[in-house]
Every structure is written in C-alpha cells, then in structure tokens.
Amino acid sequence: VDRWCSAPIGSFGFVLGGKRLPKGSVYSGSETPFRYIRVTDFADGLIDTPALKFLDAETSKAIAQYTVEGSDVLISIAGTIGATCVVPNELSGANLTENAAKIILSEAVVSRYLDLFLRSDEGQESISASTVATGQPKLALFRIEDIKVPIAPTAEQHEIVRLIEGTFRWIDRLASETASCRKLIDHL
C-alpha cells in the first residue's frame with residue numbers, strides 16, 4: 001500500500017475459525033507442549049499466557065488444523081464479541097477455541113495496526129454492526145471479512161502503532177503515579 005485507502009479485511013487477510021474440544025475431551029491436568037487459547041485468555045490486545053489451558057497430545061492432534069501462528073490477529077466471535085489480540089511468536093502452534101477466529105494477514109497490513117483499529121471505537125462499532133443476535137450473538141467469519149479498515153502505507157502503520165503504544169505507556173505511568181499520590185495523601 002503506497003497511499004491511504006479503505007479495504008475490507010477479506011481483501012488483505014484470511015479469516016479462519018477455531019475448534020471446540022472433541023466430545024469427551026478435557027483439558028490436561030498438567031502442563032504440556034499443547035496450549036489451548038480461549039476467549040477468556042485474551043483482552044486489550046494481550047494474551048494472558050499463565051491462564052492458558054493445556055491439552056494432551058491426542059486431543060491436540062484431533063484439532064491440529066485449528067492452530068495459530070505468531071502475528072495472527074485473534075478476534076472473539078461468540079460470548080464476548082470483539083475482543084482482539086496479536087498472537088506472540090512463542091504461542092505459534094497453540095490450538096484456538098471455536099469462539100474465536102484468527103486473521104492471517106498479507107504483508108500490506110501490520111498485525112498490531114489491525115488489532116488497534118479493531119479495538120478502537122470505530123472498529124468496535126463495525127464489529128457490533130456485523131454481529132447477528134439470534135439466540136446467542138455471533139460474529140460470522142464472512143462478516144469479519146467484510147469489515148472495512150482504513151489502511152495506511154506500511155511505514156505509517158508502524159509509526160501509528162509506535163505512537164499509540166507510547167501513549168498507552170504514558171497513560172499507564174500517569175495512572176501509577178496517581179495511585180501513589182492517593183496513597184501518600186491518605187497517609188498524610
């Protein structure tokens with residue numbers, strides 16, 4: 001991309017669903033090499049790695065085609081709809097729940113850029129508008145493909161991500177300082 005444009009996710013990425021555990025399968029009682037990412041494991045652009053469940057080798061093999069790779073963008077599609085994150089490289093090969101989808105991007109779009117857009121007010125409005133509420137609200141894969149995203153040139157995407165993440169760090173620092181000040185005031 002050499003200039004700003006608007007494009008549906010399906011034009012620059014593949015959207016694929018996850019898979020539920022096979023009938024009768026349960027999470028492993030101990031840590032294994034086979035991680036399973038649930039919707040409750042991700043929010044605000046991050047995966048809570050210590051909270052991940054593990055599968056035994058047989059269960060993982062049964063749903064092996066439903067794995068994620070580093071830099072895939074995840075989006076929850078049932079229950080809590082619209083939570084997103086970028087898969088870190090160390091979770092490549094983890095299995096993905098049926099209640100989430102992964103977006104595999106072309107080189108034209110930076111994973112973190114798409115994640116930040118989907119988490120923005122505009123992105124969340126697009127997700128809400130694409131959600132169908134029958135019994136339990138669901139976000140169909142083809143509807144994710146239709147969500148339009150403002151696309152900047154790749155270098156600008158990286159700069160936008162850098163600026164937004166810098167702002168988040170600044171806000172976190174202010175929140176921490178405010179909490180410290182409150183404690184000091186209470187003490188005084």
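Okay, let's start with S130: at 13% relative accessibility, S130 counts as buried, because the cut-off for buried is under 20%. Keep in mind that we're looking at a predicted model here.

So where does S130 sit? You'll find S130 in helix 3, which covers residues 121-130. And what does the side chain of S130 have beside it? A polar atom of that side chain lies 2.9 Å from the backbone oxygen of S126. If we skip the neighbours within four places in sequence, S130 is in contact with L139, R143 and I147.

The structure holds one aromatic pair. That pair is Y27 with Y36, and it's a tilted one, with 5.9 Å centre to centre and 50° between the planes. Now, are these two tyrosines buried or exposed? Well, Y36 counts as buried, because its relative accessibility is 3%.

Last stop, the surface. Which residues form a nonpolar patch there? They're F168, W170, I171 and L174, and together they have about 360 Å² of accessible area. Let me pick out F168 from that group. F168 has its place in helix 5, residues 154-187. With 35% relative accessibility, F168 counts as partly exposed.

So, to recap: S130 is buried, Y27 and Y36 form a tilted pair, and F168 belongs to a nonpolar patch on the surface. Okay, that's me done!

Terms used:
Residues are numbered from 1 along each chain as its sequence is written. This is a predicted model: local features need pLDDT of at least 70, side-chain atom pairs count only at pLDDT 80 or more; totals for chains, interfaces and linings use all residues. Side-chain values use heavy atoms; hydrogens and water are left out. Patches are made of residues with over 30% relative accessible area and no salt bridge: like charges are joined within 9 Å, nonpolar side chains (Val, Leu, Ile, Met, Phe, Trp, Tyr) within 5 Å. Accessible areas come from the Shrake-Rupley method with a 1.4 Å probe; for residues, only the protein chains shown count as cover. A salt bridge is a side-chain nitrogen of Lys or Arg within 4 Å of a carboxyl oxygen of Asp or Glu. Helices (H or I, at least four residues) and strands (E, at least two) are DSSP runs, numbered from the N terminus. Buried means under 20% relative accessible area, exposed over 50%, partly exposed in between (1.4 Å probe, protein chains only). A polar contact is a pair of N or O atoms within 3.5 Å; within protein, one must be able to donate a hydrogen and the other to accept it, and residues adjacent in sequence count only if both atoms are side-chain atoms. Contact means heavy atoms within 4.5 Å. Rings of Phe, Tyr and Trp (its six-membered ring) pair if their centres lie within 6.5 Å; planes under 30 degrees apart count as stacked, over 60 as edge-to-face and the rest as tilted.
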